[in-house]
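Student: I am new to this kind of picture and would like to learn how to read it. Could you walk me through a few features?
Tutor: Gladly; let us look together.

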Amino acid sequence: MSNVCVREYAAADAAATLDVFERSVRGLAHGSYSDAQIDAWVGSRTTAEWLAAREGQIGAVASFGEGGPLVGLVALELQDPAVGTVALLDLMFVVPEAARQGVASALLEWAMGEARGAGATLSSKDSLVRT
């Protein structure tokens, strides 16, 4: 694993994390999605819209070396305790040039630690089935 540094997301990271998201989707999703689907997914969000969408989430960003450019992000939504102790993994993206270098593993490890610290189980939105 390379020198992956993970730290908590801050509002000042909004533009850089939007860039990570867009580069990740455009660079890594072509095997699974059409160009039209990718364009619809990425859309034309502004930094302000991206920042507003992160409100209420806890997250982290990754770089190679402390203070380096951001190469990945993860975001969690902690569910209301009345619903259950679940931390939903909402976003995880890594830029193409950092793929398969331990970034996603480091971000997932951070997310699992945050979930444990909140007394929650980590789950993805796609894995929840309500009966």
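Tutor: This is a predicted model, so let us begin with confidence. The mean pLDDT of the protein is 88, and 89% of its residues reach 70 or more.

Student: Where is confidence lowest, and where is it highest?

Tutor: Strand 5 (residues 121–124) has the lowest confidence, with a mean of 82, while strand 1 (residues 4–8) has the highest, at 97.

Student: Which residues of helix 1 are buried?

Tutor: First the general idea. An α-helix has 3.6 residues a turn, so residues three or four places apart point the same way. Now the case here: A14, T17, L18, V20, F21, S24 and V25 are buried in helix 1. Seen down the helix axis, the buried residues fall within an arc of 155°, so they line one face of helix 1.

Student: What do the buried residues of helix 1 pack against?

Tutor: They pack against helix 2, helix 3 (47–54), strand 2 (58–64), strand 3 (70–78) and strand 4.

Student: How many aromatic pairs does a search of the whole structure find?

Tutor: The search finds five. To read such a pair, look at the distance between ring centres and the angle between planes; planes over 60 degrees apart count as edge-to-face. Take F21 and W41: their ring centres are 6.4 Å apart and their planes are at 75°, so this pair is edge-to-face. It links distant parts of the chain, with F21 in helix 1 (residues 14–28) and W41 in helix 2 (residues 35–42), 20 residues apart.

Student: Which pair does F21 form with F93?

Tutor: F21 and F93 form an edge-to-face pair, 5.0 Å centre to centre with 85° between the planes. This pair also links distant parts of the chain: F21 is in helix 1 and F93 in strand 4 (residues 86–94), 72 residues apart. Both F21 and F93 are buried.

Student: Which residues do ring pairs link into a cluster?

Tutor: The cluster joins F21, Y33, W41, W50 and F93.

How values were computed: Residues numbered from 1 in each chain as written. Predicted model: local features only at pLDDT ≥ 70, side-chain atom pairs only at ≥ 80, totals over all residues. Heavy atoms only, no water. Phe/Tyr/Trp six-rings, centres within 6.5 Å; stacked < 30°, edge-to-face > 60°. Helix = DSSP H or I, 4+ residues; strand = E, 2+ residues; numbered from the N terminus. Buried < 20%, exposed > 50% of the residue type's maximum accessible area, 1.4 Å probe, protein only. Arc of directions from axis to C-beta. Contact = heavy atoms within 4.5 Å. pLDDT = per-residue confidence, 0-100.
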